[in-house]
Amino acid sequence: MSRIAAKFDSLKQAQRKALVPFVTAGDPDPSITVKLMHTLVEAGASMLELGVPFSDPMADGPVIQRASERALEHNVSMTDVFGMVKAFRETNTDTPIILMGYLNPVEVMGYVEFAAAAAAAGVDGAIIVDMPPQEAGDLVKAMQANQIDPIFLMSPTSTDERIKLITSAASGFVYYVSLKGVTGAATLDVKAVEHKLEQIRKHTDLPIGVGFGISDADKALQMSKISDAVIVGSALVKQIEANSEDHEAILTAARELIGGMRQAMDV
Amino acid sequence: MQINDTQLTGLPDEKGHFGPYGGVFVAETLMQPLEDLAQAYQDCLNDETFLAELDADLANYVGRPSPVYYAERLSRELGGARIYLKREDLNHTGAHKINNTVGQALVAKRMGKTRIIAETGAGQHGVATATVAARLGLECVVYMGEVDVARQEANVYRMKLLGAEVKAVSSGSKTLKDALNEAMRDWVTNVDDTFYIIGTVAGPHPYPAMVRDFQTVIGREARKQMQEMTGGLPDTLIACVGGGSNAIGLFYPFINDKDVRIIGVEAAGDGLSTGHHAAPLCDGRPGVLHGNRTYLMESDDGQIVETHSISAGLDYPGVGPEHAWLKDTGRAEYVAIDDEEALDAFYRLTRTEGIIPALESSHAIAQAIKIAPDLPKDHSILINLSGRGDKDMHTVAQRDGIEI
């Protein structure tokens, strides 16, 4: 069983929901990332989403765009990201790590090379934002051969037909994009999300994570009631940006935000 | 109009592929809207009313057909091939861009969209979009990189006059690619009521096919005009390639005429060897950006690198996927012309023919100036003069040390 499936199983037994923070690898500089990952786990993260910086993050709002820019000032590459995962795995072999990024850095590396190197580093899943299932045949094959879960996005515009197509290619979990927009938007509609998740559940038994627009403990709680995993990106990255000159302050802010969400979800 | 009569190569396939290039590489939220657009566009092509409306707009609003002009004095000076210019610079708004925006605006209207967005580099596509939006009474937002806003002030003002909101984009390299990112972000947020008019033959399917179809009016007219003027087809076609819409518009109707040599001209900027250029076909490699697989300017890590060209309209790190396929199949050749060569061509055409070309089109002229002297006198070169140079007065004057 994959680390992701095992984690969802154990959470289910404990009647808890997964909390999945997102940080961009190398933001604000590469030396903090592994420490930050451990801190997030201590604060209550069930899994970690690690952003691979890209020069043209089309699906991201300004907060995560700037995180990518900060990381790229340090020339953080896919290979560097694998190095961070490997370092994290030295003391943590239990927390699933999911890479989130755009296709071009994967294309340049080659699908098979990417999947093999990711697996060797200790990566468990990958979300390639601009790679829809109908183009993803070869990439999915390479990932499956290396026990990496291909995780796909679903959105408010996904029809029944598309939901079927996506669930036929996906494993690990399904990532539901809660709104029409980019990351960090502020227009979350809980009722609409709940309605759409019911539609998705008709087609799959995979766990469903919800992301985009979850900015505080209250929203995390609301989403955890209707989904299996709550994904928090921009709200956390904003804290990193606000404290970018001071590593200790970043770790403290991350601990407070994620700890607060965990506490709200566990009550 | 019969768009289908030129689709002899049958591309793209139903998923938008030109060989290994093209396709649909976008976040899930845009997948269904793109499928809806592809369907709506197909419906338009099968609708006589739509095609008649498009024909009427091209004739009465754009001012088509645009003439083909024999550049006699330039040809004589060069002493070789005869040079002909397809005068897209004479279209309403001053470039070929309007052929496409008129078409896409009609599609938008049929789909019941009330808001139009666009990206622009030199501002020509932005102006052409603001123009059709004004005419149809639609809200219009144009995204433009901060760097381009500064070097194309006149076009920014034109767009504002036309009632469009121009949003300066300050992320990344602050040029065309970043404007495209920002337009995509807008579209994903406002997808229900918004139609995104992409200005070139790039982006996710169906854009490369749709924009090509609307631009092939250039090549269809030119084919007929050359036959009438010279009794045959041109021997060589030359067009500049940024994203590649004016080039594919000229080339496409000649693709099955194997004797016609096809040359696309990219921007070599400071020179291909310097790395400061915008020539992905000449000096890039395949990758995925802005919804399609194509040749890109990228680092070894797959990051898109900043490009450079004196012409804002060519300053783009990608290129339409059909050009990538024409390159790989060898049907078209792609070369590059640097800033200085383009400027020389700009002055030369201005002074020999009394035609001030856009800096983009000047790249195509420069290539003709390069090869014409060595070609026989019965060889004909047809250049797509894709736009006029009024918008570039500021840039050129600045190079001359003059403030205007």
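Here is a chat about a predicted model with chains A and B.

Biologist: Let's start with the contact between the chains. How many residues does each of chain B and chain A put in?

Modeller: Chain B gives 38 residues and chain A gives 37 residues. Between them the two chains bury about 2900 Å², with 50% of that on carbon and sulfur atoms.

Biologist: Which residues in chain B lose the most area to chain A?

Modeller: Those are B:Glu28, B:Arg185 and B:Gln303, which together make up 23% of what that side buries.

Biologist: And B:Ser171, what is that in contact with?

Modeller: Setting aside neighbours within four places in sequence, B:Ser171 is in contact with A:Gln65 and A:Glu69 from chain A, plus B:Asp178, B:Glu182 and B:Arg185 from chain B. Here B:Arg185 comes up again, having been listed among the residues that lose the most area to chain A.

Biologist: Is B:Ser171 buried or exposed?

Modeller: Buried, because its relative accessibility is 13% and the cut-off for buried is under 20%. B:Ser171 sits in the loop between strand 7 (165–169) and helix 8 (176–189) of chain B.

Biologist: OK, helices now. At what angle do helix 4 and helix 5 of chain B pack?

Modeller: About 40°, and their axes are 9 Å apart. Helix 4 covers residues 97–110 and helix 5 covers residues 124–136.

Biologist: Why is that pair called oblique?

Modeller: Because of the angle: helix 4 of chain B at about 40° to helix 5 of chain B makes the pair oblique, since angles under 35 degrees are what count as roughly parallel. The crossing of these two helices is right-handed.

Biologist: Which residues meet there, on helix 4 and helix 5 of chain B?

Modeller: On helix 4 of chain B they include B:Ile98, B:Thr101, B:Val102 and B:Ala105. Helix 5 of chain B brings residues including B:His125, B:Ala128, B:Val132 and B:Leu136. By class, the residues of this contact divide into 6 nonpolar, 6 polar and 2 charged.

Biologist: Now chain A. How do helix 4 and helix 6 of chain A cross?

Modeller: They cross at roughly 25°, and their axes come within 8 Å. That angle makes helix 4 of chain A roughly parallel to helix 6 of chain A.

Biologist: What residues make the contact between those two?

Modeller: From helix 4 of chain A it's A:Met78, A:Phe82, A:Val85, A:Lys86 and A:Arg89. From helix 6 of chain A it's A:Phe114, A:Ala117, A:Ala118 and A:Ala121. The tally for this contact is 7 nonpolar, no polar and 2 charged residues.

Biologist: What about the backbone? Where are the cis peptide bonds you've got, say the one at A:Pro28?

Modeller: That one joins A:Asp27 and A:Pro28, with omega about -5°. A:Pro28 is in the loop between strand 1 and helix 2 of chain A. Another cis bond joins B:Arg64 and B:Pro65, with omega about 0°. B:Pro65 is in the loop between helix 2 (48–62) and strand 3 (68–70) of chain B.

Biologist: And phi at A:Asn75, what's the value?

Modeller: Near 55°, which is positive in a residue other than glycine. A:Asn75 lies in the loop between helix 3 and helix 4 of chain A, and at 57% relative accessibility it counts as exposed. A:Gln147 also has a positive phi of about 55° without being a glycine. A:Gln147 is in the loop between helix 7 and strand 5 (149–150) of chain A, and is exposed with a relative accessible area of 63%.

Biologist: Last one: where is B:Pro373?

Modeller: In the loop between helix 15 (359–371) and strand 14 (380–385) of chain B. B:Pro373 is partly exposed, with a relative accessible area of 36%. Leaving out neighbours within four places in sequence, B:Pro373 is in contact with B:Leu78, B:Gly79, B:Gly80 and B:Ala368.

Note on methods: Residues are numbered from 1 along each chain as its sequence is written. Chains are lettered from A and ligands numbered from 1 in the order in which they are written. This is a predicted model: local features need pLDDT of at least 70, side-chain atom pairs count only at pLDDT 80 or more; totals for chains, interfaces and linings use all residues. Side-chain values use heavy atoms; hydrogens and water are left out. Axes are lines fitted to C-alpha atoms, for helices over the stretch in contact, and angles run from 0 to 180 degrees between N-to-C directions. Helices (H or I, at least four residues) and strands (E, at least two) are DSSP runs, numbered from the N terminus. Angles under 35 degrees count as roughly parallel, over 145 as roughly antiparallel, 65 to 115 as roughly perpendicular and the rest as oblique. A crossing is left-handed if the near helix is turned anticlockwise from the far one by less than a right angle, and right-handed if clockwise. Contact means heavy atoms within 4.5 Å. Ala, Val, Leu, Ile, Met, Phe, Trp, Tyr, Cys and Pro count as nonpolar, Asp, Glu, Lys and Arg as charged, and the others, Gly among them, as polar. Buried means under 20% relative accessible area, exposed over 50%, partly exposed in between (1.4 Å probe, protein chains only). Buried area is the accessible area (1.4 Å probe) that two parts lose on being put together, summed over both.
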